[in-house]
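Please read these comments with the model open beside you, and look up each residue as it is mentioned.

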Amino acid sequence: MMAATTTPTSAYSGSGPALCVVHHPATTPPAAILDPVAQLDNVQRAALDAVAILISADPSWTPAQRAWADHACILRYLRATQENGVFQPMQAHASLVATLRWRTEFGVDQLLPSDPALRAEGATGKQMVHGRTRGGHPILFLRPRHENSRDEDAQLRYCVFNLELVIRAMPAGVEKLAIVIDFAGMAMSKNPSLSMSRRFATILQAHYPERLFKAFMVQPPWFFAAAWKLVQPFIHPVTRAKVVFVTGDTVATPLASRAASPDRAGVIANGVDEDVSLGDETPSPAPSRGGWSFGGLFGRGRSRSNTASSSISVASSTGSIPTPPTAPAPPGGATNADGTMQAGADALIAEMDLNFLPREYGGRAEVEWDADAYWREVEALWRVTDAEWVEKVQEVEKKGGY
């Protein structure tokens with residue numbers, strides 16, 4: 001299967017590495033990464049087989065649904081529903097069925113990058129998939145200061161679209177994403193509502209289990225604390241333990257220096273006010289400044305096992321793939337009463353591939369938002385992963401099951 005051809009899109013400008021979207025031959029990660037089943041003991045493997053048998057015995061499952069519920073997916077649900085370290089196949093199966101029902105009702109498969117409503121929600125760059133951690137986890141950046149909508153249903157659809165997008169950007173052997181919520185310059189009027197926060201937390205936990213690597217809350221304002229106290233009881237303790245509140249400065253750039261005055265809804269960057277109105281008028285996209293553009297959507301080496309396809313990845317302008325530096329030992333932090341972590345910004349830097357982390361967070365990349373360039377890369381990734389998906393469904397149809 002050949003990957004779709006795309007025109008390289010300039011992603012960065014300035015002193016950071018010049019990155020572009022290019023094609024590279026697929027590489028094969030170690031077998032242990034590609035085959036998580038090989039890491040299971042006999043009892044765990046029996047639990048996985050039990051769920052697979054339940055699915056195979058149910059004629060209502062379509063080939064596409066069976067392809068979605070592959071062994072890696074079943075394992076995530078088994079890990080999420082385990083009790084005292086013991087897999088619970090019946091609970092995992094029930095959760096899988098509930099997720100399929102939700103995906104149909106929510107219309108997840110109809111969330112496409114060509115949808116004008118999604119494009120409108122994403123015009124300002126309030127959410128963007130960009131870069132990766134040192135472990136290869138793609139990163140979803142949320143920047144509430146760029147909120148351009150009061151329609152909670154539209155906001156939630158865009159959140160789910162981005163979860164699907166970041167999963168498509170995962171390289172082989174990577175199942176989790178990192179989330180960075182950058183609160184700098186956010187006015188109280190743009191704080192997500194309690195109902196919206198609860199709905200998103202419920203969806204993430206119930207229908208994307210075992211997908212979160214870590215969530216970094218960068219420079220949360222004082223008024224976020226009250227909202228967090230109301231939301232955190234609905235978040236599983238295991239998930240809360242993955243939340244890191246970043247309140248200190250980075251080694252390279254003090255994060256506090258980025259924040260606008262408290263009464264501003266936006267921030268000043270490069271002399272241009274990035275505030276976005278929440279009035280009834282149609283929001284306009286954030287401007288592209290000085291010829292800079294945004295890109296770098298893909299994680300390193302989007303390869304798949306058992307396929308001859310090319311892969312799309314981020315690479316330097318010379319065609320080489322930047323190699324993540326060796327991760328230093330994570331800096332220490334304090335554990336909060338609710339199980340979350342309180343740490344300085346070095347905790348964020350320690351987890352990130354600095355070649356892709358924007359300079360404002362202590363990385364090396366110069367990043368500016370360009371909606372057109374970003375959506376071109378989203379569409380390119382969508383075409384490639386759609387082709388991979390069709391191939392996977394056809395393989396399931398041919399085999400008739402697992």
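Predicted model: local features only at pLDDT ≥ 70, side-chain atom pairs only at ≥ 80, totals over all residues.

1. Residues are numbered from 1 along each chain as its sequence is written, and side-chain values use heavy atoms, with hydrogens and water left out.

2. Helices (H or I, at least four residues) and strands (E, at least two) are DSSP runs numbered from the N terminus, and two strands pair if DSSP finds at least two bridges between them. Seven strands form an open sheet of mixed pairing, in the order E2-E3-E4-E5-E6-E11-E10. Strand E2 (127–132) and strand E10 (334–335) stand at the edges with a single partner strand each, so one side of each is left without a neighbour in the sheet. As background, strands of a sheet pair through backbone hydrogen bonds, either parallel or antiparallel.

3. Within this sheet, strand E3 (residues 138–142) pairs with E4 in the parallel sense over four bridges, and Leu142 stands opposite Ile181 in E4. E4 and E5 also run parallel, joined by six bridges, and here Ala178 stands opposite Lys214 in E5. Six of the seven residues of E5 are buried (under 20% relative accessible area, with exposed over 50% and partly exposed in between, for a 1.4 Å probe and protein chains only), so E5 is largely enclosed by the rest of the structure.

4. Which residues lie nearest the centre of the second largest pocket? They are Leu142, Ile181, Pro192, Ser197 and Phe200, out of 36 lining residues. A pocket here is an open set of points on a 1 Å grid over the protein atoms alone, where a 1.4 Å probe fits, with protein on both sides within 12 Å along at least five of seven lines, and lining residues have an atom within 4 Å of a point. The space in this pocket is about 810 Å³, a volume being the space filled by probe spheres set on the points, which are joined across faces, edges and corners.

5. H8 gives the largest share of that pocket's lining, six residues, and helix H7 (152–168), strand E4 (177–182), H8, E5 and H9 each supply at least two. The lining divides into 21 nonpolar, nine polar and six charged residues, where Ala, Val, Leu, Ile, Met, Phe, Trp, Tyr, Cys and Pro count as nonpolar, Asp, Glu, Lys and Arg as charged, and the others, Gly among them, as polar.

6. Rings of Phe, Tyr and Trp (its six-membered ring) pair if their centres lie within 6.5 Å, and planes under 30 degrees apart count as stacked, over 60 as edge-to-face and the rest as tilted; by this rule there are 14 aromatic pairs. One of them, Trp102 with Tyr208, is edge-to-face, at 6.0 Å centre to centre and 85° between the planes. Trp102 lies in helix H5 (residues 89–106) and Tyr208 in the loop between helix H8 (194–207) and strand E5 (212–218), so the pair ties together parts that are 106 residues apart in sequence. Trp102 is buried at 12% relative accessible area, and Tyr208 is buried at 5%.

7. Ring pairs also link Tyr158, Phe161, Trp369, Tyr374, Trp375 and Trp382 into a cluster. Arg168 lies over the face of Trp382, 3.7 Å from the ring centre, the rule being that NZ of Lys or CZ of Arg is within 6 Å of the ring centre and within 35 degrees of the ring normal.
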